[in-house]
Amino acid sequence: MGVYLLRRLLALIPTLLFASILVFGVVRLVPGDVLDLMLSENDYSASTHDTRADLERALGLDDPIYIQYVNWLGDVVLRGDLGESLWRNTSVNAEIAERLPVTIELGVLSLLIALTIAIPVGVYSAVRQEALGDHLGRSFSIIALAVPNFWLGTMVVILPAMWWGWSPPSIIQPFFSDPIENLKVFLVPSLILGASLSAVVMRMTRTMMLEVLRQDYIRTAWAKGLRERKVVLRHAVKNAMIPVITLVGILVPILFGGTVIIEQIFRLPGIGQLLLDSVSNRDYPIITGIFLISGVMVLVVNLLVDLCYGLLDPKVRYDD
Amino acid sequence: MTTETTPAAVTMPASPRPPLRERLGDNKILGFLGRLIVQRPLGAFGAAICVLLLLTGIFADVIAPEGYNHINPIDRLKPPSAEYWLGTDQLGRDVFSRIVHGAQLSVIVAFAATSLSIVISAVIGITSGYFGGRFDMVSQRVVDGWMCFPDLIILIVAVSVLGPGTWQVIVILGLLFGISGSRIVRSSVLSVKQNVYIHAAQSMGASTLRILVMHILPNVMAPIIVLFTTRLAAVILAESGLSFLGLGIPPPAPSWGGMLSLDGRSYMFQAPWLAIIPGVALTIAVFGINMFGDALRDMLDPRMRGAGAGRYVAAVRRDRPSSRARQAGGASQ
Amino acid sequence: MSDTAVSQPLDQSEEMPVTDPADALLQVENLHTVFRQGRRAINAVNGVSFSVGRGETLAIVGESGSGKSVTAMSLLRLIPSPPGEIIDGDVYFDGRNLLDMSEDELRSVRGNEIAMIFQEPMTSLNPVLSVRQQLAEPMRVHRKVKEENIEARCLDLLRQVRIPDPEARLDAYPHQFSGGMRQRVMIAMALACEPRLLIADEPTTALDVTVQAQILELLKDLTRQHGSSMILITHDLGVVARYADRINVMYAGQIVESGTALEIFENPRHPYTLGLIASMPRLDAEEKARLKPIEGQPPDLGNPPAGCAFHPRCPFAKPQCREQDPPLEPYRGNHLKACWVNVDE
Amino acid sequence: MSDTPLLEVRNLKVHFPLPGTLLKPKSGGSVKAVDGVSFHLNRGETLGLVGESGCGKSTTGMAVLRMTPVTAGEIHLEGNNITDLKGRSLRTLRRKMQMIYQDPFGALDPRMRVLDIIGEPLKVHNLVSGRKAYRAEVMRLMELVGLLPGMAERYPHEFSGGQRQRIGIARALAARPEVIICDEPVSALDVSIQAQIINLLKDLQEELGLTYLFVAHDLAVVRHICDRVMVMYLGHVVEVADSEELYTNPQHPYTQALLSAIPIPDPRAESRREVDPSIEGEVPSPVNPPSGCPFHPRCKHAMETCRTVAPELKDTTQGHAVSCHLYEPTSAAMPQIRVASMA
């Protein structure tokens, strides 16, 4: 197991390296030089630096790009330091650390909602094909797939405000000190995000269950005289969950994208907002940092997914 | 079998009619449409929406009463009426006209970006899947690296590199979906490659080019077509999402997503149709494409055909009641 | 395995279990099973009647699409529904009609009094459950075996099917077994509740000949040991000749001939049986002897020919064969045939 | 006929390396699918390659076709060494060796018409010029294998298994090959159809003077079509003999066991036959084959030497070669073993 984990982590290195070059390079291609932007904001340039060159040097932007990359990579790898914001006098680490919990809570909550709705409905829908519940479940997933979540979010913000003067709260209490107040803020956005994810999971679960229910070993289970409950729960679901678990790994990047939009609509101070602000400010280090963090998170989740995979599928063995 | 509702009925002579299936069998496209309507009515409905969307896009200038940026200063924020079917916005522009022109924009972006992405997917997927080896290794690591970033974050950063604009959005979406789609093409190439007929072509001495063009490509067309439809919907959603964030196609272009954007939110409280109508348009378009795509996938993928899983407790439906008496009477044997 | 397992003596006709219908373990009458594909209905089993005596091995032979497997599955109603449906017939097992049973009653028969072995040992075992888990299931469901006794019972079963080193194999997963070993596990599972009837659906088709021989010898020994009856579904006439007491030959969803192994092989009365035997490649043939195939293709069951389903391929076909479907009638004693023609003419 | 056989294979070895891991890229292990196989095939004859799954018979066929990398040994076609041909010369060689496949469903491209499937070798090797000649040639081939000309425009899924196999045979004939490698050509077919295809193959051979390498697991089928039979076990040839000789006088204990395991469709004969106990047990892994004779762990005659020394394939009588210590001149006694007489 340990060896397997080590091997998997080693295998991540080339991917991460490629990713970091991509991140670093692309971000540097952003037109509209940050220096011009900064110099145009008079107070900033006037107060600290006189010339463009000065500023460039101070920000470490005068070196050739590959030197910048090596320096940056060195900092990231050796000290876990993503650098400093160009605009504010804060470290990127601190900026991200402040915002990350909001995004993670939104994401995890949405995923939990999606899975708890989708898996049972998907299983039921496959077992009772063409029954009322199947049609309802499928209709829901068809609609949830077509409704853009930013529109749904906008509607949830606008309509209740118009009708009842209700608007979603936005002052965040830490979950562990006041879970109820905290959930009041997160529940609605998570439901919106979770609904669109659950559509994907539900369809996948249903398809996989249908596939599994046609397998020979399901017939064997029936032939043994098992009840349908047992055939489904013991023999079918475990097999169907293997590909569904993989789907969770695929969902995480989608989820990340979703949080950017949802945070924007509900004015939640998460990574998404930070990203949008940084993009408009050309704050490279922050953009790079967010980019990298999101990539690493996706990779870590995928690694976890693979480990879960091993728990479900006896064919995957970690020792060899 | 009823023939009235099928398109074939229109073109066929009225007198002696062979069975529908036979008549449709002659023409691949008509046959396909016939099967679509009979087997997947929802898919046919989706196809109708797609056609409607396409026609609206093509004839937008004819259909729309006004230009998309025609400002009527005195008619600001008018609710839907006979004059402005879907009302007007904060600048007094006709929302109906903007929706119609928005359809055109969506169709253009969707087709252009999707076509680009499919070409990219096919080239990477087919070469990487068929040749395998070192080339496959390297290209897959690159695709892996690319795909570990959330789509929207790549999009946001890329838009900030290229700046907002229609062609920028097309290129970025095409590249983004092209790279992720190459996985799907590659895996279908890998499975087609397993087929004995590929082995047969190789062992008969056919050149690699011939195998790719005559055997691999035709056999991965089905997943590529399905990929195309799913990508159409994804592109429309992604474009509107970007425009919603103010990063996609800049105003005053009538992007549906842009019409919902945060900038106009304060007006939406006074004029909720501004928020509702573009969303409904988007939903219908995506719904139609999804439904058509699903039906297409089910019909092109033989594995999904007759996907009935059935319970293994066969129904017994006899016309007569069974009789234990028969047994007692001794069946003649 | 008895080291040199000699097959049954020649005068089997005397020794053979009597198949008096009243005393039969299983009695099938006029069974009809259809599969619906949209508006098409495929008559996979089209009026099949037969019986299985106690301790007897009945073989059902036929080519693919002849309905032999569907017949076997229909007995336990193991037909996926939809699209399958049993539209007529009775299946009496020990006097009880399986087709009239409620789902609960049926469940108490499945895997308990009647057990099945399937064709594909590779896919018929659940890949995510260990052998122990799958083996214990029938005992838990039907026999209420105490938890502490289950392990011993599982090991005993694995020993019975001659799996080497059963203690080590009990917690293994199916993918760790070879095809032959998986089929042994399937047999162990089927025997867990000591069923009175074992239905083996092409149990060796996917296996090598030597493994086939091992499995069939094992099945023969075990059924004999437990005194259980067996229905052996196969397409291999050689297997039938070696292991069956009585044989039903199926074609296009119907039984066309039925009799003892000797009757069928030495005095076949149906042109299809005749053709099948003549077209079979034989190990004891003359060198490079020419085979006599049955010309033509098997019929489309969704749209079968009128009259006798075999008449388009039959060299003896008369005008009557095109119009009337021949009934399965006694030719001599318990040797039945469904044919209008006398093949000796 | 000249003295050089049409096809000659000398000491062929095909080993597939086992995939390594990231930390240990070269595991060093390999699957010894074919481990030192030699045989020859004369023009106009049919050589049967038989054995159970995993014995290396199909891999041997693939190696002869040059479709799988050869680890060691030489393959000669018409006296020319073809083991190391590459690129264009390899593609030219492919015309001379064609293949008929087991799976009639997978071997035909579902998106091509029968006309194009059968005609593909003609196009690939530029064997005919002009559409008319092309069509005429395909029609001739279709007639040859018993397909109606009207079927040319149809797609494979419209045909039954037996008809598809005929299409595959026509495709193999199109290139006018020197050798046809038949890989289990009838094992996926029903008995009544199987006989049609076997007869077709025999008729074609007679008519066109074809040479077959017939790979099969079914010894009964092989008896009806092959002139000589080669039995393989675990990557080795254990016995080669003329067909008649092999079936009436099998010498290797494995061949004997194999024959005894095959039932005969005759209850009277069956009642006199018995299953050889050597069939018990399983075929060992080709990754880690047993030392000495590969069959010794299952062999009822296994002696001390069998465990250590690998026997060589030696002629016992003219044209009958066995790889077994029992038949070596030094061996104490020739065993009195015969399978129960047949028929």
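Reader: What makes the area between chain D and chain C count as buried?

Author: Buried area is the accessible area, found with a 1.4 Å probe, that two parts lose on being put together, summed over both; for chain D and chain C that loss comes to about 4,800 Å², of which carbon and sulfur atoms give 54%. In chain D, the residues that lose the most area to chain C are D:His224, D:Pro265 and D:Pro267, together 15% of what that side buries. This is a predicted model, in which local features need pLDDT of at least 70 and side-chain atom pairs count only at pLDDT 80 or more, while totals for chains, interfaces and linings use all residues. Residues are numbered from 1 along each chain as its sequence is written, chains are lettered from A and ligands numbered from 1 in the order in which they are written, and side-chain values use heavy atoms, with hydrogens and water left out.

Reader: How do you know which residues of chain D and chain C are in contact, and how many are there?

Author: Contact means heavy atoms within 4.5 Å, and by that rule 51 residues of chain D are in contact with 52 residues of chain C.

Reader: Why is the pair D:Arg268 and C:Glu266 called a salt bridge?

Author: The term requires a side-chain nitrogen of Lys or Arg within 4 Å of a carboxyl oxygen of Asp or Glu; the side chains of D:Arg268 and C:Glu266 meet at 2.7 Å, N to O, and therefore qualify. The rule finds 4 salt bridges across the interface of chain D and chain C.

Reader: What makes up the side of chain D that touches chain C, by class?

Author: That side of chain D divides into 23 nonpolar residues (Ala, Val, Leu, Ile, Met, Phe, Trp, Tyr, Cys and Pro), 15 charged residues (Asp, Glu, Lys and Arg) and 13 polar residues (the others, Gly among them).

Reader: What is buried between chain B and chain D, and how many residues take part?

Author: Chain B and chain D bury about 1,800 Å² between them, with 59% of it on carbon and sulfur atoms, and the contact takes 18 residues from chain B and 22 residues from chain D.
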